[in-house]
Amino acid sequence: MNILDKIIVDKKREVILKKSIIPVSQLEASVFFGKESISLSQNLKNSTSGIIAEHKRRSPSKSVINHSFTVEEVVQGYESAGACGISVLTDGKYFGGSLDDLLLARASVNIPLLRKEFIVDEYQILEAKAYGADLILLIAAVLTRAEIKSLSEFAKNLGLEVLLEVHSAEELEKSIMPTLDMIGVNNRNLKTFEVSLDFSKQLASQIPDDFVKISESGISSIEAITQLKPYGYQGFLIGENFMKTDNAGKAATEFIEQLTHN
């Protein structure tokens, strides 16, 4: 059983527990249910940098990345750096995140927020909306085509955008449907955790142009982005590279400045 399988088993248990205690009606009563989402796909189309900056304390492949900032400091730093959007990890056990991180991020910034989570149930999409997210992530590796369809339709009906993450041609093939806004290629193999930009390069031509293309993971240099842009990528998700520094916002500012002056 690989790490991804373990995460999904835990996640399904977690959702059952949460459902037993917080009814859907309570989530739907959130002030954010009436709020219009801010579009990340639009922001990426209009941006020269395309950076989606991530708030991530730790991960299964790197035990601790950073525990020394508040969420507000990080996300405000990202917003003033000129990030197109922010990805907020809400998984507790493996990434040290929570829905409170998402809520605090929403209270602090006015740019699109992605709930970065292992979504297996519509309930988690209601949570995402209730806690202020503008878009959700669906991971093709852990969902069937039917699940991707029903979950993406559910999200769209709530006014959320959908980013679908793939890692192989098979995953991409089973997933393409009109209820997705963006397709992200994860350069990290979630089963082995090895990273290579070749994944993004190989899959680029197979992603239809109707979707904004995003490259995720393992992007730590301007050069990586310069290499990926000719393949049609408009979004670049960067987490660890900023979070491992003493000041994530400052690191993002310097990176985006360099990128846009290239």
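H6 and H7 are roughly parallel to each other, because their axes cross at roughly 25° and angles under 35 degrees count as roughly parallel. The model is predicted, and a search of the whole structure finds two cavities of 30 Å³ or more, while about 500 Å³ of space lies in the largest pocket.

**Packing of H6 and H7**

- The axes of helix H6, which spans residues 122-130, and helix H7, which spans residues 145-157, come within 10 Å of each other, and the crossing that H6 makes with H7 is right-handed.
- On the H6 side the contact is formed by Glu 122, Ile 125 and Leu 126, which meet Ser 150, Leu 151, Phe 154 and Ala 155 on the H7 side.
- Sorted by class, this contact of H6 with H7 has five nonpolar residues, together with one polar and one charged residue.

**The largest pocket**

- The largest pocket holds about 500 Å³ of space, and of the 33 residues that line the pocket, Glu 54, Lys 56, Arg 188, Ser 217 and Glu 240 are the closest to its centre.
- Two or more residues of the lining come from each of helix H1 (3-21), strand S4 (135-139), strand S8 (233-238) and helix H11 (240-243), and H1 gives the most, with three residues.
- By class, the lining of the largest pocket has 15 nonpolar, eight polar and 10 charged residues.

**The largest cavity**

- About 30 Å³ of space lies in the largest cavity, whose lining is made up of Glu 14, Val 15, Lys 18, Arg 115, Tyr 123, Gln 124 and Glu 127.
- H1 and H6 are the elements that give two or more residues to the lining of the largest cavity; H1 also contributes to the lining of the largest pocket, and H6 also meets H7.
- Four charged residues, two nonpolar residues and one polar residue make up the lining of the largest cavity by class.

**The second largest cavity**

- The second largest cavity likewise contains about 30 Å³ of space, and the residues lining this cavity are Phe 32, Lys 35, Lys 129, Gly 132, Ala 133 and Asp 134.
- By class, three charged residues, two nonpolar residues and one polar residue line the second largest cavity.

Terms used: Residues numbered from 1 in each chain as written. Predicted model: local features only at pLDDT ≥ 70, side-chain atom pairs only at ≥ 80, totals over all residues. Heavy atoms only, no water. Axes fitted to C-alpha atoms, helices over the stretch in contact; angles between N-to-C directions. Helix = DSSP H or I, 4+ residues; strand = E, 2+ residues; numbered from the N terminus. Parallel < 35°, antiparallel > 145°, perpendicular 65-115°, else oblique. Left-handed = near helix turned anticlockwise from the far one by under 90°. Contact = heavy atoms within 4.5 Å. Nonpolar A, V, L, I, M, F, W, Y, C, P; charged D, E, K, R; others polar. 1 Å grid on protein atoms, 1.4 Å probe; cavity = no way out; pocket = protein on both sides within 12 Å on 5 of 7 lines; lining within 4 Å. Points joined across faces, edges and corners; volume = space filled by probe spheres on them.
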